[in-house]
Amino acid sequence: MKHSIPTVLTIAGTDPTGGAGIQADLKTFQEREVYGMSVVTSIVAQNTVGVQDVEHLPADFIQKQIESVLVDISPDVIKTGMIATSEMMVIIAEAIDKYSIPYVIDPVMVAKSGDHLMDVNSKQTMIDRLLPLATVVTPNIPEAEVLLSESIESVAEAEDAARRIVHELGANAAVVKGGHHVNDEAVDVLYDGAGIHRFPTARINTKHTHGTGCTYSAVIAAELAKGNSVYDAVKTAKLFITDAIRYSLKLGKGNGPTNHWGYRLQGLPKRNRRIFQ
Ligand SMILES: Nc1ncnc2c1ncn2[C@@H]1O[C@H](COP(=O)(O)OP(=O)(O)OP(=O)(O)O)[C@@H](O)[C@H]1O
Ligand SMILES: Cc1ncc(COP(=O)(O)O)c(N)n1
């Protein structure tokens with residue numbers, strides 16, 4: 001730990017409704033008791049229904065923001081979310097490389113609403129420049145399929161994908177998340193370079209899953225900043241996101257946000273949870 005408290009920097013896009021992107025990351029860092037900092041890549045006009053518009057910040061201004069943070073409060077871990085263009089990816093890769101900071105990449109490509117958050121031509125830059133720097137990469141099934149140009153139909157194939165992302169694309173560890181599997185379980189699989197680990201939970205029947213991937217990877221980043229292992233960080237992330245989905249807030253007209261303090265309700269007497277159910 002570099003400072004009096006573990007510190008994490010997120011580099012990502014925004015969500016004014018507060019469920020995904022930078023806003024979800026900062027809420028999550030606070031709940032995990034690490035000091036959260038943020039650099040904005042794109043300002044997104046979005047809500048629980050979809051994306052209405054996007055304004056990308058110039059890559060050199062993203063670089064200035066990163067430099068401002070890194071020269072002053074160097075984070076224990078950097079996490080990235082939405083990075084829309086190759087130019088942004090190169091600048092971010094150069095900073096992570098220069099300062100040798102442990103790195104969690106959530107390879108955000110398409111929002112749950114179906115809107116594209118990454119330029120499709122940037123895939124190769126993500127593979128060439130960002131994945132080799134990753135301590136952990138956290139694709140959902142469609143993202144893993146894009147990264148590997150192959151389809152994933154089962155948990156066993158998700159395990160193969162996690163192995164390939166490490167061995168062929170150079171990430172240190174990969175978690176292929178199971179939110180997009182259509183069965184009764186949401187099984188995440190981790191390959192940490194040594195072995196495969198499965199993290200299964202029952203699938204919760206809800207449409208309120210906006211920002212699950214952002215929140216999940218933010219927990220992993222926070223736990224790594226505390227000095228925990230990749231395995232323990234993923235285990236905590238899975239518990240945290242399950243409670244955040246279970247006690248989701250039922251806000252908005254579409255796919256609502258999760259509840260970033262849901263874990264606090266687990267184990268409490270039912271009367272204390274009434275307003276959330
Ligand atoms: N309905 C559900 N019930 C239980 N767990 C779920 C459900 N949906 C997603 N999860 C869990 O949430 C985490 C995020 O997975 P998911 O595949 O939804 O990521 P994602 O698609 O990147 O999220 P997003 O794009 O919303 O940020 C994983 O741990 C996954 O298992
Ligand atoms: C800025 C930003 N980053 C990531 C997501 C993905 O979240 P989801 O797939 O739940 O919409 C998002 N909607 N917005």
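The shell around ligand 2 divides into eight nonpolar, eight polar and two charged residues. In this predicted model, 18 residues surround ligand 2. The closest are Gly 13, Ala 20, Gly 21, Ala 111 and Lys 112. Two elements give two or more residues to this shell: strand E3, residues 42–46, and helix H7.

Ligand 1 has its own shell, made up of 23 residues. Asn 140, Lys 177, Gly 179, Ala 186 and Gly 213 are the closest. By class, the shell around ligand 1 comprises seven nonpolar, 11 polar and five charged residues. Strand E9 (185–191), H7 and helix H8 (230–246) each give two or more residues to it.

The largest nonpolar core has 77 residues. Its largest share, nine residues, comes from helix H7, which runs over residues 212–225. The residues with the most contacts inside the core are Ile 92, Ala 134, Ala 162, Ala 174, Val 176, Ile 220 and Ala 221. In soluble globular proteins, nonpolar side chains tend to be buried together.

Neighbours within four places in sequence were left aside. Ala 134 is then in contact with Tyr 103, Ile 105, Ala 171 and Asn 172.

At the level of the whole chain, the secondary structure comes to eight helices and 10 strands. The radius of gyration is 17 Å, close to the 19 Å that the globule rule gives for 277 residues, so the chain is as compact as a globular protein of that length. The C-alpha trace spans about 50 × 40 × 40 Å along its principal axes. Of the 277 residues, 49% count as buried. Among contacts between residues at least 6 apart in sequence, 68% join residues at least 24 apart.

An unreviewed UniProt entry annotates residues 15–259 as "domain: Pyridoxamine kinase/Phosphomethylpyrimidine kinase". Over this range the chain is 40% helix and 18% strand. The end C-alpha atoms of residues 15–259 are 15 Å apart.

Conventions:
Residues numbered from 1 in each chain as written. Chains lettered and ligands numbered in written order. Predicted model: local features only at pLDDT ≥ 70, side-chain atom pairs only at ≥ 80, totals over all residues. Helix = DSSP H or I, 4+ residues; strand = E, 2+ residues; numbered from the N terminus. Rg over C-alpha atoms; globule rule 2.2 N^0.38 Å. Buried ≥ 20, exposed ≤ 12 C-beta atoms within 10 Å, placed from the backbone. Contact = placed C-beta atoms within 7 Å. Core = buried A, V, L, I, M, F, W, Y, C linked by C-beta atoms within 7 Å. Near = placed C-beta within 6 Å. Nonpolar A, V, L, I, M, F, W, Y, C, P; charged D, E, K, R; others polar. UniProt positions renumbered as here; feature names shortened; annotations may be inferred.
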